[in-house]
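Here is a short briefing to read alongside the model. Take a look at the chain first, and then we can go through it topic by topic.

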Amino acid sequence: MTETVFCYCCRVHHDKNVMRLFPTRQGYRWRCLRSIEAATRTRRERDEFGKQQSDINREEARRSAENGHHLRQALRISP
C-alpha cells in the first residue's frame, strides 16, 4: 500500500513521492508538486488552478455526500 500525505494547499491526500515539505510561517507543511508549480505561474493561471481545484473538491464532496446518503438508505432498509 502506498503512503499518502495531506496537501495543505489543495486539501487532498497524495502519494508521498509527489509531495515536498514546504516552509510556511507556522513551520514546514506538506505540499504537492502540482500546487508548488502552479504557484510560480501568472496570476491568471493561478486563478484557473484554484478554480480547477475547487471543482475537484466540490465533486468529491458531492460524491461523498451521495455515498453517505445511499449508505444511510441501505441501513434504514435492512432489518
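Predicted model: local features only at pLDDT ≥ 70, side-chain atom pairs only at ≥ 80, totals over all residues.

**Fold and overall shape**
- The protein is built from 4 strands and 2 helices.
- Along the sequence these elements follow the pattern β-β-β-β-α-α.
- The protein is more spread out than a compact globule, because its radius of gyration is 17 Å, well over the 12 Å that the globule rule gives for 79 residues.
- Taken along the principal axes, the box filled by the C-alpha atoms is roughly 55 × 30 × 25 Å.

**Contacts, burial and surface**
- Among contacts with a separation of 6 or more, 15% are between residues 24 or more positions apart.
- Buried residues make up 16% of the 79 residues in the protein.
- The protein has an accessible surface of about 6700 Å², and carbon and sulfur atoms account for 52% of that area.

**A closer look at Arg-11**
- You will find Arg-11 in the loop that runs between strand S1 (4-7) and strand S2 (12-15).
- Arg-11 is not a glycine, yet it has a positive phi of about 60°.
- Is Arg-11 buried or exposed? Its relative accessibility is 56%, so Arg-11 counts as exposed, the cut-off for exposed being over 50%.

Definitions and conventions: Residues numbered from 1 in each chain as written. Heavy atoms only, no water. Rg over C-alpha atoms; globule rule 2.2 N^0.38 Å. Buried < 20%, exposed > 50% of the residue type's maximum accessible area, 1.4 Å probe, protein only. Contact = heavy atoms within 4.5 Å. Areas by Shrake-Rupley, 256 points an atom, 1.4 Å probe, with all protein chains shown as cover.
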